[in-house]
Amino acid sequence: MRAILETERLVLRPWVVGDAAELYRYASDPRVGPIAGWPPHESVEQSREIIETVFSAPETYAVVLKETGLPIGCVGLLFGEAGNVPLAADEAEVGYWVGVPYWGRGLIPEAVRELCRHAFADLGLSALWGTCGADNPNSARVLEKCGFTFVRLEHDVPVALMGDIRDERVYRLDEPGGTSGEDSPLCVAAAGERPDDLTTDLFAVWNASVRATHNFLTEEDIQRIAAYVPDALRGVETMMVAFDADGSAIGFCGVDGEMVEMLFVHPEARGKGVGSHLLRIAVQGYGATKVDVNEQNAQARGFYEHEGFEAVGRSEVDGMGDPFPLIHMRLRDSESSAAIPL
């Protein structure tokens, strides 16, 4: 599974196809791509294709601004032959860019420092490399701010995607940097990339959580609903999973578009901020603003209200047509968030 990383102002998380329009917004600007070695995007469809191919590579992250919940750039690690310099098996090259409106705010150095921390502390790499065009002082300053040391200047380096050559500055970092992340490691598993053992582990979390919190369900209800849960766990668009120090799943959150489709925490991990951590990434990293809560589950409604959601509607039945009323909630201050009478 792919990690989710977090800094004071940013969430670094895997790209999803729903990011295509925002990617095109910034990647179509001719001031962004060519200086980094790639041509501007020509359409939203091309941006979507790049998300599905290039940006699906391991350790490639959308840089999401917490204050908007939208991607504004990209950082990632290149391995093996994908790098612009020769890389050992335990080395990687750092790549990065950010949209023009966010230049000069220190956001990319913030993202790169966290990526470096992740590379050393979580991936166990021994060294990181960085390259930039000799005529790109802004990119060079990013590397220098993050502790990289200038190694050499290489002449007449082919830039395949641009069909030309350029001189490049090469940097290296041997020491980890950045700040520590949350206590509960958080990873994302995209639909189609969820092995059976992960589904089994998540189902166990769901089962324990439901039995501890959904007192309005009978045993017959639980068994009937349980038959549908594995498919839901496999099919939701984005699945974030929190783990304990031993690597066991202790909570998960599934997001589809703007909707938090599911959020469950194992009873033994409740009260430790796991649910708040998952929900914060769902909101700040994936733009989730809506959730449906069982009316009989007062604890869940209270949790979401504490996290900034408010009730905006009610349904007599749940999504499966069962007689368990739902409270429709929306993040306060999000678009059309005015509550209506219940």
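Q: Which kind of contact do the side chains of Arg-25 and Glu-22 make?

A: Let's start with the general idea: side chains of opposite charge can pair when their charged atoms come close. Keep in mind that this model is predicted. Here, Arg-25 and Glu-22 form a salt bridge, with 3.0 Å from N to O. Both residues sit in helix H1 (residues 20-27), three residues apart, which is about one turn of the helix.

Q: Is Glu-22 buried or exposed?

A: The cut-off for buried is under 20% relative accessible area. Glu-22 has 14%, so this residue counts as buried.

Q: Which parts of the chain does the pair Lys-66 and Glu-6 link?

A: Lys-66 and Glu-6 form a salt bridge whose closest N and O atoms are 2.8 Å apart. This pair links distant parts of the chain, 60 residues apart. Lys-66 is in the loop between strand E4 (60-65) and strand E5 (70-78), while Glu-6 belongs to strand E2 (residues 5-6). Both partners are buried.

Q: What about Arg-172 and Asp-174: buried, partly exposed or exposed?

A: Arg-172 and Asp-174 form a salt bridge too, with the closest N and O atoms 2.8 Å apart. Arg-172 is partly exposed because its relative accessibility is 24%, and Asp-174 is also partly exposed, at 39%.

Key. Residues numbered from 1 in each chain as written. Predicted model: local features only at pLDDT ≥ 70, side-chain atom pairs only at ≥ 80, totals over all residues. Heavy atoms only, no water. Salt bridge = Lys/Arg side-chain N within 4 Å of Asp/Glu carboxyl O. Helix = DSSP H or I, 4+ residues; strand = E, 2+ residues; numbered from the N terminus. Buried < 20%, exposed > 50% of the residue type's maximum accessible area, 1.4 Å probe, protein only.
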